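Colleague: I have not looked at this one before. Could you take me through it?

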Amino acid sequence: MKLKTFLDILNNQVPFDSAESWDNVGLLVGDSSCNVSGIMTALDCTAEVVDEAIEKGCNTIVAHHPLIFKGMRAITEDAGYGRIIYKLIQNKINLIAMHTNLDVHPQGVNAMLAEHLELQSCKILLPETTDYYKVQVYIPETDATAFKLQLSKHGLATEGNYEHAFFNTKGQGQFKPVGDAQPHIGAIGEIKTVDEVKIEFMIDASQYQLAQQLINQHHPYETPVYDFLPLQKEIQRGLGMIGELSEPMTVEAFTTHVKKQLNMPSVRFIGNKNAAIQTVALIGGSGIGYEMSAMKQGADIFLTGDIKHHDALDAKTAGMNLLDINHYSEYVMKEGLVTLLNHWLEQQFDGRICASETHTDPYQYM
Ligand SMILES: [Zn+2]
């Protein structure tokens, strides 16, 4: 499998453009025309991770955190992140980053964490919305079929796995051509009544110009009548997860459960130690800022990493329960992504797909 093919599959499953605008995802180091010998997933691309990939015969690393993120002043053998890039290039190892695009994926990092914690009935905590338009066009009944075929041929009016998704309502249109009008039907100064169809269909926001152009091009009238109604809908993508434990737990039992399931030596609790925990919301990595939204949705506790003193004090003052599960808990994506890749690449790739065994948590729990 060419690296280009692999990137296309990843982009199809976990679109790179669904990442945050400040992020840096996709192919960061490498050559998309080369062959993929093996794939290794990692949370962070450290020098030890590159050594492990070389040792395992994997020329492609898929890491969650982008190695190229902040300013980098040199790519040399000496030190710093530049040294890791130097090593990747020297050993012809490709590096792909799947960061916030994997966070917002419905089977991504947050779903993987929720699965480890045995949460049930999980939903996306902050579903994203997409802009679209409902279009309605009024056209003579005799022209409707050919008109719809033209729209459909150009990719308009699709719904999920369905094409040519139109709704038709029969009615009568009326008009009186005046002045310099050159009517397709009717005569100057006379009110004309025509059997028409109101055709309704949906388009993506990106299809607005195309739809307008096609209507004007294929509608028989000199002045077609149509409307674009702007709307929004939730999509199956977004940050965080919220789900239920099979039965309520004490804070102590829950923290023990979290430590065991995530193999974490310690976690930090903020809030009421006597609370009963059943509805759990989480955002892997650094998810502070969304705790209020989690509580409003009924979460008994909000789990994330990188909680600072003032975030903690704010939450405690507001009567919320938080659990800092450490940013490193996102390491569960290594095995989680291997499972997804095995599924996505089933027919395309028979090489090795493995998770890095290198521990990249910079903290030592003393
Ligand atoms: Zn992270």
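Predicted model: local features only at pLDDT ≥ 70, side-chain atom pairs only at ≥ 80, totals over all residues.

Colleague: Which residues does UniProt list under "binding site"?

Modeller: The unreviewed UniProt entry places that feature at H65, D103, H327 and E330. These positions are spread over 266 residues of sequence, yet they cluster in space, with a largest C-alpha distance of 13.0 Å.

Colleague: And which of these residues does the lining of the largest pocket include?

Modeller: That lining includes H65, D103, H327 and E330.

Colleague: Where does H65 lie?

Modeller: H65 is found in the loop that runs between β3 (60-63) and α3 (80-90).

Colleague: Is H65 buried or exposed?

Modeller: H65 counts as buried because its relative accessible area is 17%, and the cut-off for buried is under 20%.

Colleague: What is H65 in contact with?

Modeller: Leaving aside neighbours within four places in sequence, H65 contacts L43, D44, H99, H327 and E330.

Colleague: Now D103. Where is its place?

Modeller: D103 belongs to helix α4, which covers residues 100-103. D103 is buried, with a relative accessible area of 8%. Not counting residues up to four places away in sequence, D103 touches H64, V109, N110, G238, L239 and E330.

Colleague: Changing topic, how is the protein chain divided into domains?

Modeller: Domain 1 comprises 3-101 + 331-355, domain 2 comprises 109-127 + 238-327, and domain 3 comprises 128-234.

Colleague: What distance separates the centres of domain 1 and domain 3?

Modeller: Taken over C-alpha atoms, the centres of domain 1 and domain 3 are 46 Å apart.

Definitions and conventions. Residues numbered from 1 in each chain as written. Heavy atoms only, no water. UniProt positions renumbered as here; feature names shortened; annotations may be inferred. 1 Å grid on protein atoms, 1.4 Å probe; cavity = no way out; pocket = protein on both sides within 12 Å on 5 of 7 lines; lining within 4 Å. Helix = DSSP H or I, 4+ residues; strand = E, 2+ residues; numbered from the N terminus. Buried < 20%, exposed > 50% of the residue type's maximum accessible area, 1.4 Å probe, protein only. Contact = heavy atoms within 4.5 Å. Domains from an automatic or database assignment.
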